[in-house]
Amino acid sequence: MFNPEMEAMPREQLRQLQFERLKKTVEGVYNNVPFYTEKLREKGIEPGDIKSLDDLKLLPFTVKQDLRDNYPFGLFAIPMDDVVRVHASSGTTGKPTVVGYTQNDIDGWAELIARCVAMAGGGKGDVVQVAYGYGLFTGGLGLHYGAERLGATVIPISGGNTKRQLMLMQDFGTSILCCTPSYALFLAEEARENGIDLVNSKLKAGIFGAEPWSENMRKELEKGLGIKALNIYGLSEIMGPGVSMECECQCGMHIMEDYFIPEIIDPETGEPLPYGSKGELVFTTISKEAFPLLRYRTRDISVLREEKCECGRTFVRMERVMGRTDDMLIIRGVNVFPSQIESVLLDIGDTEPHYLLVVDRQGSLDNLEVWVEVSEKMFSDEIRKLEELEKKLRHEIASILGISARIKLVEPKTIPRSEGKAKRVVDKREL
Ligand code: DLL
């Protein structure tokens, strides 16, 4: 363990620590974030009302829309002068969700990732290839700083450029690979096709996350790469990767409870549910300075488990994410909301507001096809105009989403209408 004092702390002591940190967090946001001052007042809560950990349930929820309403920096709890970094992830429409970090936040995050890489058997002497994207996405830089903190050697290669990934993996003796599970499958396939033997290489573990995957994929990855494949979870709003991570037992992801208090709630009623029930994951950050959040609704569906883990860590575990309560898709590791595509269509015009997103996985790569109905007038126009429209849509979607999509323009009234909720997504992927 990277930090046994924290990771294996007796639960009673951990609860006490959480309570103290929660109190401090509530006080902090009440005094420094007008959004929370108002929210807490509305509920008639003063920081002094938090008298035990159970009082967590008195606190208001925070949802993604709140982040949008306070775009870009309105929820920061400290002056911008103290913010040393920002990251961002897709919003439901054009504007991203922005998060900030103080130097202490960055240091704390590195510590949590160091714990994660240690869970994968990493340490000084390991070569960690970080093939998550670097940039506004939290994956690349998140893993990077943590692996460095652990004393490992980092290859900051970022995503893509598969041939180069495979070359460096062999030449530099990569022992731990960090990327999305679907990209790992692709790397395994490409290696096989190019006669590269990764199974007998130095590669021993994979830290895979940022998108849903299954036990089947785990088996395939472990066999195809000759490694132990471990699941890492996180979301930018709460910090980024490292909110939770699987240990060698591979029996759920330990949540870093000295930083985050997890809850499972009924997504319909918002009522907290006991351990073992399936519901929406909610996190309260208790050790963050720049961007603390109370009871953030992740929209991820999971189950919390408090049974003892053989590894000796006392942190509760969450099961792999089983779905979402909203329509967010993750395509090639990128979060995509159908509403983002809808707003592109509306902005461009010449199309009807009827569309369908068809997602498929060919080999190990996700493909997104956007079916769009064009207007009657447009449809009777010349081919050249349709081609121009298609090009424009492809370009706009790529620049907003950051991934490419195939555009299929269809005749008016061909996309099935629905009487209730419109069905915008056909996801044919089998994980
Ligand atoms: O995906 C952070 C991350 C980077 C996690 C690298 C792991 C590794 P966002 O882009 O904000 O942050 O997307 C967060 O991705 O709410 C989940 O729906 C999904 N997600 C993340 N990890 C997993 C996982 C990063 N292991 C959203 N399994 C979350 C399933 C995951 N879904």
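Me: Which residues in α8 meet which residues in α9?

Reply: Happy to start there: P181, S182, A184, L185 and A188 in α8 meet M217, E220, L221, G224 and L225 in α9, where contact means heavy atoms within 4.5 Å. By class, this contact divides into 7 nonpolar, 2 polar and 1 charged residues. Here Ala, Val, Leu, Ile, Met, Phe, Trp, Tyr, Cys and Pro count as nonpolar, Asp, Glu, Lys and Arg as charged, and the others, Gly among them, as polar. Keep in mind that this is a predicted model, in which local features need pLDDT of at least 70 and side-chain atom pairs pLDDT 80 or more, while totals for chains, interfaces and linings use all residues. Residues are numbered from 1 along each chain as its sequence is written, and side-chain values use heavy atoms, leaving out hydrogens and water.

Me: At what angle do the axes of α8 and α9 cross?

Reply: In general, two packed helices are described by the angle between their axes and the distance between the axes. For α8 (residues 181–193) and α9 (residues 215–225), the axes come within 10 Å and cross at roughly 35 degrees. Axes are lines fitted to C-alpha atoms, for helices over the stretch in contact, with angles from 0 to 180 degrees between N-to-C directions. Helices (H or I, at least four residues) and strands (E, at least two) are DSSP runs, numbered from the N terminus.

Me: Which residues come nearest to the ligand?

Reply: A residue counts as near if one of its heavy atoms lies within 4 Å. Of the 23 residues around the ligand, N231, I232, S236, D300 and N335 come nearest. β7 (228–235) and α6 (138–150) each supply at least two shell residues, and β7 gives the most, with 5.

Me: How far are ligand oxygen atoms from side-chain N or O atoms of D300 and N335?

Reply: A polar contact is a pair of N or O atoms within 3.5 Å. For D300 the distance is 2.6 Å, and for N335 it is 2.9 Å. The protein covers 97% of the 610 Å² of accessible area that the ligand has on its own, by the Shrake-Rupley method with a 1.4 Å probe.

Me: Which residues does a cis peptide bond join?

Reply: Look at Y71 and P72, where omega is about -10 degrees. P72 is found in the loop between α4 (64–69) and β1 (85–89).

Methods
Polar contact = N/O pair within 3.5 Å; in protein donor to acceptor, adjacent residues only side chain to side chain.
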